[in-house]
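Reader: I have a model open and would like to learn how to read it. Could we go through it one feature at a time?

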Amino acid sequence: MFRFTLFCALYLMCGGVALAQHSAMKHTDTLKTELLQEVVVIAPRKLSDKTAKPLTTLDSYLEKASTINMIRRGSYAWEPFLNGMASERSVITIDGMRIYAACTDKMDPVTSYVEITNLAKANIHSGQSGSVGGTTIAGSLDLVRKKSTFGEKGLKGMAFSGFETNNQQKIIGGALSYTLPKFFADVDFTLRDAENYKAGGNQEILYSQFTKYNVSAIAGYKIDEHQQVEASLIYDKATNVGYPALTMDVSLAKAFIGSVAYTRHHISPTIQQWQTKLYYNDVTHVMDDTKRPIVPIRMDMPGWSKTAGFYSLMQGTVKKHNWKASLSGHFNESLAEMTMFSNTPGEKDMFMLTWPGIHTYYGDLFAEDVYTLSKKWKAIFSAGLGVQDNVVSNQFGLESLRIFYPDMPENKTRLLKRFSTAFQYENENWQYHLGAAYGERAPSVSEGYGFYLFNSFDRFDYIGNPEMKNEKSTSFNGSISYLQSRFSAKLSGSYFRIIDYIIGRPKSGLSVMTIGASGVKIYEQLKYANIFNSSIDVSYQIGKGLLWTSRLGYRRGSGEHVKYLPLMQPFTYGSGITYSVKTFSADASVEGAGKQNRFNPEFGEMELPAYTVFNLSASNHFKIGARTITLKAGVENLLDKNYTTFADWNRLPRMGRNVFVNLIWNF
């Protein structure tokens, strides 16, 4: 009764809850900082040839952000780590919608349901800054899709295709946009199909193939000058997806994501916008090992996740205050199974629930105020409060967990607090940011209720712990930026002090469930953990049409009795030169990392050598009447280097030399 009342009360309080759109921003192909927000932006109506590879995957594109690392288990659906922390510690949304993964092995991150061809921008917030989506430790990532605006009657479109030699990847798709003074509609389709890729030296990486379809549609209707409604849909389906770093592949990953929204503008002199959005998503994920010729035992591991929710945000201005206030809530059901098929005639198959039907009820209040102290100084304050209730809905799953926790209740309610403050100074050439924040999060479904989840990196079975406390973080972040007409530089850093840090630790005396597993780990909490992030970005316009850019980055993590936290980025670097003249442009870039000698063997890590790879590309625009054709071709990993990085699960080698061709027709 409490859970139903909580969800309904939050909805009724807002009288038609709302979410405001972000203020329009200038569209570029570079990283842009606004307050404490790092934003990756792609041109809204056409793919830019200035992007290194216009039809690249979203995973590869997000790696450009200094706050993000992508953990790679195969060629498809990489897991985003914000500020050196796993996805459990961040909030990842699509157009503000909360989506829960359906895979216990993190093969279906939220980022896998958006294509580069329908992405407008990725809003990346570090720590608690802009945590409108809910409680977080590491930060938040919101993928904002392209959409048209109301205007004169018109039809625009785009068709594109691509081919990559290394894994024989074929890319094909298109987009249409239709506008009227009171109506708009956008639809986008992308198909990707790839075979096994080859690492440097022509080493074939088996089980790295995939096929993926994505359809995205948005339509809007203007009721009057200050009111409009929108409806949106995403349908994403991947089949025959290989994961060479894991013991199983994916026969099906499917997502349906839908929403309706109502927006009202200019409500009063102090309230500029109020938007209401209701959404629903349904994710299915099926792991199996039928394509593997030799396995100790055949297994199927399907998972399902369903989420229904709403969120609301008002935006307004009162004198020197630019404020926003939001109210949100959602319900999620996560269920995952594992069946081990007997190799002996007459023996029964073994069945268990790896996620025992966890129901999550979440409600949230958030407010932010940007106060203009003077022409050059601003102060930003925010605070939020979340209430989360987890319920084990499946009796069989509850009884399984009670083997380890005899007194555990059916449900657990948590209060989650967060607040932040920051100051910004900006003049003609300099910009300074300094911020501090506090936040809490609840254990994830796997951390709290997972049942014998096998981790192929350290080769341990993991069991959740519903008795853990909230994880708590105090963080500090800052940056210094300098900008001139031809030169810009930015130094940024952040520090997280995390109390009751959740991590799996070995537990003796427990039997493994997975054949060949090294033991069993139960999620426990370190008294503390420390994570430090730093980056330097520099660009210089050498001359007319010649631009040089460079980036350095480093992370480090440690905790109580843990010298090095796993999956931490060592010293990395990247540099490139772009030459542009009229309709032609060419790029040459280098990227690499220093030797990784800070690693944790307890979590399956090992020392890694330094590496350097080189890339080349060129593009040109061709005008045919009112239509434009863009042709871009290039070579990645020019010297066919065989290498692996800290972010490659089980030290999976990266792709070797790859020649790509992208063709984009705008009409």
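Reader: In which strand is the place of S216?

Author: S216 belongs to strand β14, which covers residues 210-224. Keep in mind that this is a predicted model.

Reader: Does S216 count as buried or exposed, and why?

Author: The cut-off for buried is under 20% relative accessible area. S216 has 6% relative accessibility, so S216 counts as buried.

Reader: Which side chain makes a polar contact with the side chain of S216?

Author: That of R145, at 2.8 Å. R145 is also one of the residues that S216 touches, and the others include N118, D186, D188 and L233, leaving aside residues up to four places away in sequence.

Reader: Where does S446 lie?

Author: S446 is in helix α4, residues 445-449. Its relative accessibility is 11%, and S446 therefore counts as buried. Beyond four places in sequence, S446 touches T104, W355, L453, G464 and Y523.

Reader: How should I read a nonpolar core?

Author: In soluble globular proteins, nonpolar side chains tend to be buried together. Here the largest nonpolar core has 96 residues, and I94, L141, L143, Y243, I257 and L565 have the most contacts inside it. Strand β28, residues 519-543, gives the most to this core, with 6 residues. Another core, of 6 residues, lies apart from it and has L55, F160, A175 and I664 among its members.

Reader: What does L141 touch?

Author: Not counting residues up to four places away in sequence, the residues touched by L141 include L62, I68, L82, V91 and T111.

Reader: How many bridges join β16 to β17?

Author: There are 16, between strand β16 (residues 249-265) and strand β17 (residues 271-288), and the two run antiparallel. H265 stands opposite Q273 in β17. The hairpin of β16 and β17 has 5 residues between the strands, and there H266 takes a positive phi near 50°.

Reader: Which residue in β18 is the bridge partner of Q273?

Author: Q315. Strand β18 (residues 299-318) pairs with β17 in the antiparallel sense, over 17 bridges.

Reader: What about confidence?

Author: Where pLDDT is low, the predicted coordinates should not be read in detail. The chain averages a pLDDT of 91, and 92% of the residues score at least 70. Over residues 4-37 pLDDT stays under 50, and the model has 103 contacts beyond four places in sequence for them. Residues 41-45 also stay under 50, with 24 such contacts in the model.

How values were computed: Residues are numbered from 1 along each chain as its sequence is written. This is a predicted model: local features need pLDDT of at least 70, side-chain atom pairs count only at pLDDT 80 or more; totals for chains, interfaces and linings use all residues. Side-chain values use heavy atoms; hydrogens and water are left out. A nonpolar core is a set of buried Ala, Val, Leu, Ile, Met, Phe, Trp, Tyr and Cys residues joined through side-chain atoms within 4.5 Å. Buried means under 20% relative accessible area, exposed over 50%, partly exposed in between (1.4 Å probe, protein chains only). Helices (H or I, at least four residues) and strands (E, at least two) are DSSP runs, numbered from the N terminus. Contact means heavy atoms within 4.5 Å. pLDDT is the predictor's confidence in each residue, from 0 to 100. Two strands pair if DSSP finds at least two bridges between them. A polar contact is a pair of N or O atoms within 3.5 Å; within protein, one must be able to donate a hydrogen and the other to accept it, and residues adjacent in sequence count only if both atoms are side-chain atoms.
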